[in-house]
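Me: I am new to this structure and would be grateful for a guided introduction. Please take my questions one at a time.

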Amino acid sequence: MQQSALYIVPTPIGNLEDITMRAIRVLKEATLIAAEDTRHSGVMLERLGITPKKMISCYDQTEEARAQGIIAEIKNGGSVALISDAGSPLINDPGYKVVRECARSGVKVVPLPGPCAVITALECAGLPTDAFRFNGFFPVKEKELSDTLLGIASSDCTQIFYEAPRRILKTSQMMAELIPEHEVALCRELTKTFESVYRMKAKELPAFLSADPDTQRGEFVVVIGRADVKNDEALEKAREAVAQIMQNSSPKTVSAVISALTGVRKRDLYEYASSLKKAP
Ligand code: SAM
């Protein structure tokens with residue numbers, strides 16, 4: 001019997017062969033499997049020849065309540081495997097609150113390495129991997145999306161987002177408009193039959209995706225290269241921004257320009273700029 005603990009078990013993101021031998025053993029031996037969706041995971045477990053001893057659902061709305069039952073199971077000598085629908089639990093998936101409560105209660109938490117779309121995409125994007133930031137899904141609202149893109153315009157690290165197929169074209173259009181010179185890798189259907197990686201400048205994406213609707217299907221990870229400070233166009237934009245500030249120093253303009261350059265939220269800068277304006 002395996003050690004009493006909470007085991008964080010990654011599952012495949014598209015290719016069943018990507019489950020690890022350790023994950024299979026932990027799932028087989030677990031006295032309880034806590035799954036984001038028991039029906040969905042039930043199919044995968046059956047394909048792997050695993051019959052759960054006990055299974056409960058544990059998703060965003062229930063995980064806080066589930067945590068105490070999971071802790072009790074482990075304190076009574078059991079072992080619990082936490083899985084999500086695909087990939088690594090907690091990475092844009094439920095699990096954080098369960099881990100937090102286990103840690104607070106002194107219950108051992110054992111993380112297993114395994115499939116994760118962020119890392120899989122980063123590995124094939126062809127963009128710098130020394131420093132990167134994962135941001136979850138792009139915001140859905142247009143204003144928040146444009147703020148997010150302007151916020152990363154001058155980023156000094158690779159930025160990674162998840163995106164839904166129904167929004168990939170719209171998001172690409174916004175990227176083309178707001179960060180046209182950035183190198184982007186659209187990583188689609190990773191580990192699956194139609195796995196594809198489209199690498200190009202942001203300004204080239206809309207025409208590429210529009211030319212073939214099939215390129216908009218499936219699951220996506222969007223990897224965006226850091227700002228190229230030597231880039232002529234970026235330099236020209238920066239000079240334009242400086243010229244704008246010189247001409248017009250209203251809090252609105254100053255906060256918009258500095259926000260676009262630094263990624264600091266415009267609202268925060270606006271409040272600060274306004275307070276400076278009011279100060280005697
Ligand atoms: N926990 C998962 C992980 O470890 O990557 C992510 C869960 S999140 C709810 C699901 C999103 O991850 C999808 O909408 C898509 O953006 C991305 N994703 C998952 N599997 C993918 C795949 N095979 N190819 C590309 N993106 C994928």
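Me: On what basis are residues numbered and local features reported here?
Reply: Residues are numbered from 1 along each chain as its sequence is written, and side-chain values use heavy atoms, with hydrogens and water left out. The model is predicted, and totals for chains, interfaces and linings use all residues, whereas side-chain atom pairs count only at pLDDT 80 or more and local features need pLDDT of at least 70.

Me: How many helices and strands does the protein have?
Reply: Helices (H or I, at least four residues) and strands (E, at least two) are DSSP runs, numbered from the N terminus. The C-alpha trace spans about 70 × 55 × 30 Å along its principal axes. The protein has 11 helices and 10 strands.

Me: What percentage of the 280 residues in the protein is buried?
Reply: Buried means under 20% relative accessible area, exposed over 50%, and partly exposed in between (1.4 Å probe, protein chains only). By that rule, the buried share of the 280 residues is 44%.

Me: Among contacts between residues at least 6 apart in sequence, what percentage joins residues at least 24 apart?
Reply: A contact means heavy atoms within 4.5 Å. Of the contacts between residues at least 6 apart in sequence, the share that joins residues at least 24 apart is 72%.

Me: Which helix gives the most to the lining of the second largest pocket?
Reply: A pocket is found on a 1 Å grid over the protein atoms alone, as an open set of points where a 1.4 Å probe fits, with protein on both sides within 12 Å along at least five of seven lines; lining residues have an atom within 4 Å of a point. Of its 19 lining residues, D147, T148, G151, G263 and R265 are the closest to the centre. β6 (132-137), α6 (142-152), β7 (158-163), α10 and α11 (266-278) each supply at least two lining residues, and the helix that gives the most, with seven, is α6.

Me: Is S88 buried or exposed?
Reply: S88 lies in the loop between β4 (80-83) and α4 (96-104). Not counting residues up to four places away in sequence, S88 touches P10, D93, G114, P115 and C116. Its relative accessible area is 14%, so S88 is buried.

Me: What is the relative accessible area of N92?
Reply: N92 is in the loop between β4 and α4. Its phi is positive, near 55°, in a residue other than glycine. N92 is partly exposed because its relative accessible area is 36%.

Me: What is the relative accessible area of V221?
Reply: V221 belongs to strand β10 (residues 220-224). Leaving aside neighbours within four places in sequence, V221 is in contact with several residues, among them A117, I160, F161 and L186. V221 is buried because its relative accessible area is 4%.
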